[in-house]
Amino acid sequence: MEFYGTQLASRLMLGTAQYDSPALLAQSVEASKASVVTVSLRREAAGAQAGQAFWSLVKSLGVHILPNTAGCHGVREAVTTAHMAREVFGTDWVKLEVIGQGDLLQPDVFGLVEATRILTEDGFKVFPYTTEDLVTAERLLKAGAEVLMPWGAPIGSGRGLNNIFGLRALRAHFPTIPMVIDAGIGRPSHAAMAFELGFDAVLINTAVAKAGDPVRMGEAFRLACDAGLAGYAAQPIEERDMAVPSTPTLGLARGLAVE
Amino acid sequence: MRILVNDEQREVTNTTLATILNELGYGGARIATALNGTFIPASQRDTVTIMEGASLEVLAPMQGG
């Protein structure tokens, strides 16, 4: 799989927030075999070392880095944050978040399209965090995005894939665009379902970081991603409304009299 | 002069962004800066002058999802 011409060894992407310790984060990334981790920026007081220590840890993981614009509620704020992230992390990849609604952290798709256009013109490779809406997807692609990150469910909700019909339609309309299910995945089975629907990758944070055993959950997601991907490649059967016997009925002793 | 650094009032004596960052103790740190909401690349810190009352954002790497 490729994002903007970069070949990735794994289709699992992990967020780096909410782990109880840096060591647990590193072990979870290793167990999951994630190929990309997401990172962010925060204000840091002079002399504080947290940010510098985190940067050293991220570099040691040996994976691709995808900075986000989490918490940005406007186009200008998101664009400025993206520029700052490009300088700090040394990559032109950006997971673009423009949040429009606080309770659901729902993307402001109008601002998202505008920020995608601006950042693409500024040389960024934009990964927009969006909904499953087809028209928005089309606008994002026209604005320069070559990867889409539709949500499964609201960030951190763990609800899985809320609108399978919509996601299936999105996949079908843009069959060649790399798409990552981002947000809402709570269990390995949700990740497997994303791949069974034909999506290219998943991005997971809370479901691993806040699991009782994050390292084991990282491994579970790795296995689920492999299973879902293999299932999709094997071409699942179509669903039916009525039963269809799986055991051959020909030659059954249906006519035998019972004494 | 007084400026805002990450929304906190600070008194500084220098005038260029680079010298102010050193004065505040950020020297050598992996940071990015924005002045009054506009990104200032590291390459411009020596030439950008800070005015009284300016708002400076100093951001560093952190965990994110």
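Biologist: How do you know that the span of helix α2 (residues 50-61) of chain A agrees with what its number of residues should give?

Modeller: This is a predicted model, and the values come from its atoms. At 1.5 Å a residue, the 12 residues of α2(A) should span 16 Å. The end C-alpha atoms are 17 Å apart, so the span agrees.

Biologist: Which residues of α2(A) are called buried, and what do they pack against?

Modeller: Buried means under 20% relative accessible area. In α2(A) the buried residues include A:Phe54, A:Trp55 and A:Leu57. The buried residues of α2(A) pack against several elements of chain A, among them α1 (22-32) and α3 (75-89), and also against β5 (55-63) of chain B.

Biologist: Why are the buried residues of α1(A) said to line one face of the helix?

Modeller: Those residues are A:Leu25, A:Ser28, A:Val29, A:Ala31 and A:Ser32. Seen down the axis of α1(A), they fall within an arc of 165°, so they line one face. An α-helix has 3.6 residues a turn, so residues three or four places apart point the same way. The cover over this face of α1(A) includes β4, α2 and α9 (214-233) of chain A.

Biologist: What makes α7(A) and α9(A) roughly parallel?

Modeller: Helix α7 (residues 188-196) of chain A packs against α9(A) at an angle of about 25°. Angles under 35 degrees count as roughly parallel, and the two helices are therefore roughly parallel to each other. Their axes are 7 Å apart, and the crossing is right-handed. Among the residues that meet there are A:Phe195 in α7(A) and A:Met217 in α9(A).

Methods:
Residues are numbered from 1 along each chain as its sequence is written. Chains are lettered from A and ligands numbered from 1 in the order in which they are written. This is a predicted model: local features need pLDDT of at least 70, side-chain atom pairs count only at pLDDT 80 or more; totals for chains, interfaces and linings use all residues. Side-chain values use heavy atoms; hydrogens and water are left out. Helices (H or I, at least four residues) and strands (E, at least two) are DSSP runs, numbered from the N terminus. The expected span of a helix is 1.5 Å times one less than its number of residues. Buried means under 20% relative accessible area, exposed over 50%, partly exposed in between (1.4 Å probe, protein chains only). Contact means heavy atoms within 4.5 Å. The arc is that of the directions from the helix axis to the C-beta atoms. Axes are lines fitted to C-alpha atoms, for helices over the stretch in contact, and angles run from 0 to 180 degrees between N-to-C directions. Angles under 35 degrees count as roughly parallel, over 145 as roughly antiparallel, 65 to 115 as roughly perpendicular and the rest as oblique. A crossing is left-handed if the near helix is turned anticlockwise from the far one by less than a right angle, and right-handed if clockwise.
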